[in-house]
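Thanks for coming. I will go through one model, starting with its sheet and then moving to the helices and a few single residues.

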Amino acid sequence: MRVLLIGANGYLGRFVADRLLADPAVQLTALGRGDDADVRFDLASGSPGALTRFLDAVHPQVVVNCAGTTRGGARELTRHNTVAVATVCEALRRSGCGARLVQIGCGAEYGPSQPGSSTAEDAVPRPGGPYGVSKLAATELVLGSGLDAVVLRVFSPAGPGTPAGSPLGRLAEAMRRAMQSGDGELKLGGLGVQRDFIDVRDVARAVHAASLSAAQGVINIGSGRAVRLRDAAATLARVAGYGGALHELDGQPGSHLRPAIGHPRPEPDHGGPVAYPYPDGCGSWQQADVRTARDRLGWRPRINLEESLADIWMEAACRI
């Protein structure tokens with residue numbers, strides 16, 4: 001099976017590449033902006049015609065798109081998350097390769113949900129920020145393209161390679177600094193949110209399964225269980241061997257002056273508390289209904305959050 005992987009050097013893409021390369025039946029070609037890609041191409045600025053010519057030359061049977069960005073203003077997010085996907089869809093429509101498209105979406109497309117609920121694929125998306133809007137627009141482009149396509153809505157990825165600027169990455173870095181300086185207490189804000197964490201290696205397994213399947217439409221990829229960030233912090237402390245006290249600042253006077261996990265450090269004259277310390281626009285709760293992934297892909301998560309956090313900590317500890 002010839003697979004074209006776009007975004008192989010990204011957080012998710014690296015693990016997807018490893019998973020696909022482990023399948024002896026897969027012939028993998030990587031396309032991206034970096035020098036180590038097999039073919040250099042910028043989806044945000046390249047033309048559909050140029051990509052079509054490449055598709056006709058390589059003739060992949062599956063195109064996996066892991067490219068995109070989580071940071072930047074609305075314009076940058078739109079370029080890299082929406083315009084880029086429009087380029088992929090148009091190139092595939094023009095090409096004679098007839099490839100299947102596996103697009104990586106995200107749970108932020110749904111926006112805030114009712115605490116205690118599980119979000120299924122038929123929920124009406126109401127993204128709460130520009131990132132979720134840009135990813136939802138990409139999903140709509142894929143679903144309306146007429147292609148053989150599936151969108152995997154990945155919830156909150158975790159595990160090795162977790163970016164330092166992500167909520168769990170910030171949590172690990174704060175703990176590393178506390179241990180390095182010998183602080184007996186760690187004061188954190190923004191721990192009240194609950195998210196559905198899924199290990200990045202399980203995401204890669206889902207992408208592999210989707211590449212081999214005939215499933216179309218939207219499929220949620222998550223653990224199916226919401227975890228409070230303060231509980232993740234306690235687990236991380238246990239894994240790291242941090243014996244200090246964890247103090248949560250949410251709701252306390254002046255707590256908005258403290259750095260919230262998952263939110264950029266505020267300036268001292270910040271005018272008020274941050275509404276959503278977890279910067280995905282999804283409010284206080286998110287939990288995936290993952291029955292469709294089980295039924296249509298034969299996929300279930302295998303790696304628990306403690307193992308994911310142990311791998312995050314291993315990387316953070318190397319910086320001590």
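Which residue in β2 is the bridge partner of R2? It is Q27. Before going further: this is a predicted model, in which local features need pLDDT of at least 70 and side-chain atom pairs count only at pLDDT 80 or more, while totals for chains, interfaces and linings use all residues. Residues are numbered from 1 along each chain as its sequence is written, and side-chain values use heavy atoms, with hydrogens and water left out.

On naming, helices (H or I, at least four residues) and strands (E, at least two) are DSSP runs numbered from the N terminus. Two strands pair if DSSP finds at least two bridges between them.

So, the sheet. Strand β1, residues 2-6, and strand β2, residues 27-32, run parallel and are joined by five bridges. They belong to an open sheet of seven strands, with parallel pairing, in the order β3-β2-β1-β4-β5-β6-β11. At the edges are β3 (39-40) and β11 (217-221), each of which pairs on one side only.

Further along, strand β4, residues 62-65, runs parallel to β5, with four bridges between them. V63 has L101 as its bridge partner in β5. On to the next pair: β5 and β6 also run parallel, joined by six bridges. There, G105 stands opposite R153 in β6.

Next, burial. I use buried for under 20% relative accessible area, exposed for over 50%, and partly exposed for in between, with a 1.4 Å probe and protein chains only. Strand β5, residues 100-106, has seven of its seven residues buried, so it is largely enclosed by the rest of the structure. As background, side chains in a regular strand alternate between the two faces of the sheet. In β5 both faces are covered: R100, V102, I104 and C106 are buried on one side, and L101, Q103 and G105 are buried on the other. Strand β6, residues 149-154, is mostly covered as well, with six of its six residues buried. A149, V151 and R153 point one way from β6, while V150, L152 and V154 point the other way.

What lies across the sheet? For angles, axes are lines fitted to C-alpha atoms, for helices over the stretch in contact, and angles run from 0 to 180 degrees between N-to-C directions. Contact means heavy atoms within 4.5 Å. Helix α1, residues 11-21, lies across β1, β2, β4 and β5, running at about 165° to β1. Helix α3 packs on the sheet too, touching β1, β4 and β5, and its direction makes about 165° with that of β5.

Now helix against helix. A packed pair is described by the angle between the axes and the distance between them. Helix α2 (residues 48-58) and helix α3 (residues 74-94) cross at roughly 50°, and their axes come within 8 Å. The crossing of α2 and α3 is right-handed, meaning that the near helix is turned clockwise from the far one by less than a right angle. P48, G49, L51, T52 and L55 in α2 meet T87, V88, E90, A91, L92 and R94 in α3. By class, this contact has six nonpolar, three polar and two charged residues. Here Ala, Val, Leu, Ile, Met, Phe, Trp, Tyr, Cys and Pro count as nonpolar, Asp, Glu, Lys and Arg as charged, and the others, Gly among them, as polar.

The second pair is helix α5, residues 167-181, with helix α7, residues 229-240: the angle is about 45° and the axes are 11 Å apart. That makes α5 oblique to α7. Their contact divides into eleven nonpolar, no polar and no charged residues.

A174 sits in helix α5; leaving aside neighbours within four places in sequence, A174 is in contact with L186 and L188. H59, in the loop between α2 and β4, has a phi near 55°, a positive value in a residue other than glycine. Most residues other than glycine have a negative phi. At 33% relative accessibility, H59 counts as partly exposed. Last, is V290 buried or exposed? V290 is buried, with a relative accessible area of 16%.

Note on methods:
Parallel < 35°, antiparallel > 145°, perpendicular 65-115°, else oblique.
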